[in-house]
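Reader: I have a model on my screen and would like to learn how to read it, feature by feature. Could you walk me through it?

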Amino acid sequence: MSGEPLVEFRGHCRDVLCVTLSTECAGCEAATGAEFNDCTVRVWDCVTGQERMVLQGHGQGVYSVQFSPEDRAQLLSGSWDNTARLWDLRSGQHEVSLSHPKRVFQAVFCGAPS
């Protein structure tokens with residue numbers, strides 16, 4: 001290994017606060033979330049580094065992103081704007097916005113009960 005990055009994701013105008021990878025879909029995807037004044041979630045092709053989608057809607061920094069383990073066309077994000085949002089990656093729109101009384105630092109999918 002050379003110690004050089006395999007790929008770089010360039011597009012956010014502010015610091016990236018979180019990243020997640022999904023290798024179970026057609027190819028490899030990454031999702032990133034950025035701080036205040038950007039407030040976007042971006043989805044990337046992790047082989048080429050090309051931006052696939054920009055998800056807008058959060059009003060503060062995005063601190064958590066996670067692909068659904070059940071449906072790779074869904075992504076969950078958590079933000080300092082006191083919301084967690086469920087995104088449909090087919091349409092690029094959020095399906096559900098869940099309000100919380102405090103900032104959301106972590107948003108995760110739970111598995112089905114056994």
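Author: Gladly! Let's start with a loop. Val-47 sits in the loop between β3 (41-45) and β4 (51-55). Please keep in mind throughout that this is a predicted model.

Reader: Is Val-47 buried or exposed?

Author: The relative accessibility of Val-47 is 65%, and the cut-off for exposed is over 50%, so Val-47 counts as exposed.

Reader: Let me step back. What does the secondary structure of the protein come to?

Author: There are zero helices and eight strands. Along the sequence the pattern reads β-β-β-β-β-β-β-β. Of the 114 residues in the protein, 42% are buried. For the contacts with a separation of 6 or more, 37% are between residues 24 or more positions apart.

Reader: How many bridges join β6 to β7, and how many join β7 to β8?

Author: Strand β6 (residues 74-79) is joined to β7 by five bridges, and the two run antiparallel. Within this pairing, Leu-75 stands opposite Trp-87 of β7. On the other pairing, six bridges join β7 to β8, again antiparallel, and Ala-84 stands opposite Leu-98 in β8. β7 and β8 form a hairpin with four residues between them, and Gly-92 in that turn has a positive phi of about 80°.

Reader: Which residues other than glycine have a positive phi?

Author: Asn-37 is one of them, with phi near 80°, and Asn-82 is another, with phi near 70°. Asn-37 belongs to the loop between β2 (27-34) and β3, while Asn-82 belongs to the loop between β6 and β7. Asn-37 is partly exposed at a relative accessible area of 49%, and Asn-82 is partly exposed at 24%.

Reader: Which residues is Thr-83 in contact with, leaving aside its neighbours within four places in sequence?

Author: They are His-58, Ser-77, Gly-78, Ser-97, Leu-98, Ser-99 and Val-104.

Reader: Now the aromatic residues, please. What describes a pair of aromatic rings?

Author: Two values do: the distance of the centres and the angle of the planes. A search of the whole structure finds three aromatic pairs. In one of them, the ring centres of Tyr-63 and Trp-80 are 5.1 Å apart and the planes are at 10°, so the pair is stacked. Tyr-63 lies in strand β5 and Trp-80 in the loop between β6 and β7, so this pair ties together parts that are 17 residues apart in sequence. Tyr-63 is partly exposed, at a relative accessible area of 26%, and Trp-80 also counts as partly exposed, at 25%.

Reader: What about the rings of Trp-80 and Phe-105?

Author: Their centres are 5.8 Å apart and their planes are at 80°, so that pair is edge-to-face. Phe-105 lies in the segment after β8 and Trp-80 in the loop between β6 and β7, so parts 25 residues apart in sequence are tied together. Phe-105 is partly exposed, with a relative accessible area of 46%. Ring pairs link Tyr-63, Trp-80 and Phe-105 into a cluster.

Reader: And which residue lies over the face of Trp-80?

Author: That is Arg-103, at 3.4 Å from the ring centre.

Conventions:
Residues numbered from 1 in each chain as written. Predicted model: local features only at pLDDT ≥ 70, side-chain atom pairs only at ≥ 80, totals over all residues. Heavy atoms only, no water. Contact = heavy atoms within 4.5 Å. Pairing = 2+ DSSP bridges. Phe/Tyr/Trp six-rings, centres within 6.5 Å; stacked < 30°, edge-to-face > 60°. Buried < 20%, exposed > 50% of the residue type's maximum accessible area, 1.4 Å probe, protein only. Lys NZ or Arg CZ within 6 Å of the ring centre and 35° of its normal.
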